[in-house]
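Me: I have a protein model open and would like to learn how to read it. Could you walk me through a few features?

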Amino acid sequence: MERTSTLTEEEKEFFMNEAINEAYKAQTQQEVPIGAVVVLDGQIIGRGHNLREKTRDATSHAEMQAIRQACQHVANWRLEKAQLFVTLEPCPMCSGAMILSRVSEVYFGASDQKAGTAGTLMNLLQDDRFNHVAYVESGILEEKCGQLLTNFFQVLRRRKKEEKMKKRLDI
């Protein structure tokens with residue numbers, strides 16, 4: 001049986017914009033701008049943004065932060081009937097956390113050619129060998145999500161180039 005989204009296009013865009021707001025929070029902390037929100041019954045119950053540099057913790061991805069907060073909110077590790085919105089396609093760790101927490105629907109903006117496991121490199125979220133399968137939809141505000149990352153990395157590369165030039169001149 002083919003599953004379909006339970007949300008309207010307007011709801012999808014609204015919640016993805018909330019995830020984008022989380023990505024901006026990461027960016028202001030010099031983190032890769034990735035944001036996520038978990039939604040249950042039309043309400044945001046978990047928010048997260050990338051914090052790997054600040055926490056020096058490889059598991060501090062936006063999705064992990066949002067899932068932890070959502071689980072605390074419902075006082076349960078199961079997030080059945082919840083939707084997760086994330087600006088970048090989930091990695092293997094985050095897809096695994098979504099499976100384990102039983103997130104029902106996953107929506108993402110930009111595809112991740114290097115680590116995406118919601119359809120790009122593989123699709124862990126819809127692999128029926130696991131005990132849970134989620135509905136997955138990509139491309140929600142894709143250009144906006146992708147441009148946020150592109151701009152961040154352009155600035156980062158420019159900054160590194162300037163630092164390198166400055167070191168050369170100081171020698």
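This is a predicted model: local features need pLDDT of at least 70, side-chain atom pairs count only at pLDDT 80 or more; totals for chains, interfaces and linings use all residues.

Me: Which backbone nitrogen does the side chain of serine 5 reach?

Reply: The side chain of serine 5 reaches the backbone nitrogen of leucine 7, at 3.0 Å. There is also a polar contact of 2.6 Å between the side chains of serine 5 and tyrosine 107. Serine 5 itself sits in the segment before helix H1 (9-28).

Me: Is serine 5 buried or exposed?

Reply: Buried means under 20% relative accessible area. Serine 5 has 19% relative accessibility, so it counts as buried. Leaving out residues up to four places away in sequence, serine 5 touches Lys12, Glu105, Tyr107, Tyr135 and Glu137.

Me: Which residues have the most contacts inside the largest nonpolar core?

Reply: The general idea is that nonpolar side chains tend to be buried together in soluble globular proteins. Here, the largest nonpolar core has 46 residues, and those with the most contacts inside it are Val38, Leu79, Phe85, Met98 and Leu125. Helix H3 provides the largest share of this core, six residues. Take phenylalanine 85: among the residues it touches beyond four places away in sequence are Phe15, Met16, Val37 and Tyr107.

Me: How much space lies in the largest pocket?

Reply: About 480 Å³. Of the 19 residues lining this pocket, Val32, Ile34, Leu88, Asp112 and Phe153 are the closest to its centre. The elements that give two or more residues to the lining are helix H3 (62-74) and helix H5 (142-170). By class, the lining has 10 nonpolar, four polar and five charged residues.

How values were computed: Residues are numbered from 1 along each chain as its sequence is written. Side-chain values use heavy atoms; hydrogens and water are left out. On a 1 Å grid over the protein atoms alone, a cavity is a set of points where a 1.4 Å probe fits but cannot get out, and a pocket is an open set with protein on both sides within 12 Å along at least five of seven lines; lining residues have an atom within 4 Å of a point. Grid points are joined across faces, edges and corners, and a volume is the space filled by probe spheres set on the points. Helices (H or I, at least four residues) and strands (E, at least two) are DSSP runs, numbered from the N terminus. Ala, Val, Leu, Ile, Met, Phe, Trp, Tyr, Cys and Pro count as nonpolar, Asp, Glu, Lys and Arg as charged, and the others, Gly among them, as polar. Buried means under 20% relative accessible area, exposed over 50%, partly exposed in between (1.4 Å probe, protein chains only). A polar contact is a pair of N or O atoms within 3.5 Å; within protein, one must be able to donate a hydrogen and the other to accept it, and residues adjacent in sequence count only if both atoms are side-chain atoms. Contact means heavy atoms within 4.5 Å. A nonpolar core is a set of buried Ala, Val, Leu, Ile, Met, Phe, Trp, Tyr and Cys residues joined through side-chain atoms within 4.5 Å.
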